[in-house]
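Hi,

Here is the structure I promised to pass on.

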Number of protein chains: 2
Amino acid sequence: MLEKTTRVNFLFDFYQELLTPKQRNYMEMYYLEDYSLGEISETSEVSRQAVYDNIRRTESMLEAYEKKLQLYDKFQQRMHLIEQLEQMVVSHELKDIDSLIKSLRELD
Amino acid sequence: MLEKTTRVNFLFDFYQELLTPKQRNYMEMYYLEDYSLGEISETSEVSRQAVYDNIRRTESMLEAYEKKLQLYDKFQQRMHLIEQLEQMVVSHELKDIDSLIKSLRELD
């Protein structure tokens with residue numbers, strides 16, 4: 001069985017534009033609309049195994065794109081910095097804000 | 001003749017990992033090391049026309065990736081926000097900093 005993880009959802013979010021319409025369709029049904037492999041198989045009139053293989057291949061592609069572009073990794077780093085920034089502003093503790101902005105800038 | 005623009009350089013920076021080694025090699029020689037098409041043609045032992053076509057195709061691919069992922073566009077938007085943030089901090093004018101941080105967060 002394929003594991004429905006947050007990571008796959010994020011990777012799909014970042015790289016879905018690079019997938020084919022068919023790949024995107026299976027991924028949406030399985031991950032976003034929570035259809036089972038059997039249900040997707042019936043709706044699409046292909047074997048359950050074909051759906052499974054397609055989704056698994058797509059997941060590998062998403063991981064390959066992430067290895068190359070690191071959009072999810074950078075997103076997480078950026079969100080972490082933005083949270084620190086918010087905390088500094090809320091607590092009026094601004095002494096390290098310059099280096100934090102610098103880190104944010106260098107992330108790109 | 002191909003125009004050596006900042007835009008192509010940025011797009012290459014963002015998407016080079018998605019290119020083939022050959023595409024990357026021609027782009028690096030032409031854009032980063034400033035070789036002429038004729039020089040690349042000699043070094044690579046292919047026709048000048050083949051080098052030209054390859055680079056032009058690669059540029060189209062970079063634009064196609066940008067249309068899908070908008071990494072350069074988001075980068076520019078983010079840099080603009082970060083600059084505003086820096087100015088706020090330098091001038092101690094923090095009243096709009098919350099909405100700016102929010103914009104930064106929503107850009108992803």
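Predicted model: local features only at pLDDT ≥ 70, side-chain atom pairs only at ≥ 80, totals over all residues.

**Where the two chains meet**

Let's start with a salt bridge: Arg105(B) pairs with Glu86(A), and their closest N and O atoms are 2.8 Å apart. (A salt bridge here is a side-chain nitrogen of Lys or Arg within 4 Å of a carboxyl oxygen of Asp or Glu.) Arg105(A) and Glu86(B) also form one, again with 2.8 Å from N to O. Arg105(A) sits in helix H6 of chain A and Glu86(B) in helix H5 of chain B, so this pair joins two chains.

Residues are numbered from 1 along each chain as its sequence is written, chains are lettered from A and ligands numbered from 1 in the order in which they are written, and side-chain values use heavy atoms, with hydrogens and water left out.

How many residues does the contact take from each chain? It takes 22 from chain A and 22 from chain B, with contact meaning heavy atoms within 4.5 Å. The buried area is about 2200 Å², and carbon and sulfur atoms give 72% of that. (Buried area is the accessible area, with a 1.4 Å probe, that two parts lose on being put together, summed over both.) In chain A, Ile101(A), Arg105(A) and Asp108(A) lose the most area to chain B, together 25% of what that side buries.

There are also two residue pairs in polar contact between the chains, both at pLDDT 80 or more. (That's a pair of N or O atoms within 3.5 Å; within protein, one must be able to donate a hydrogen and the other to accept it, and residues adjacent in sequence count only if both atoms are side-chain atoms.) On the side of chain A that touches chain B, H5(A) gives the largest share, nine residues. (Helices are DSSP runs of H or I, at least four residues, numbered from the N terminus.)

Cheers
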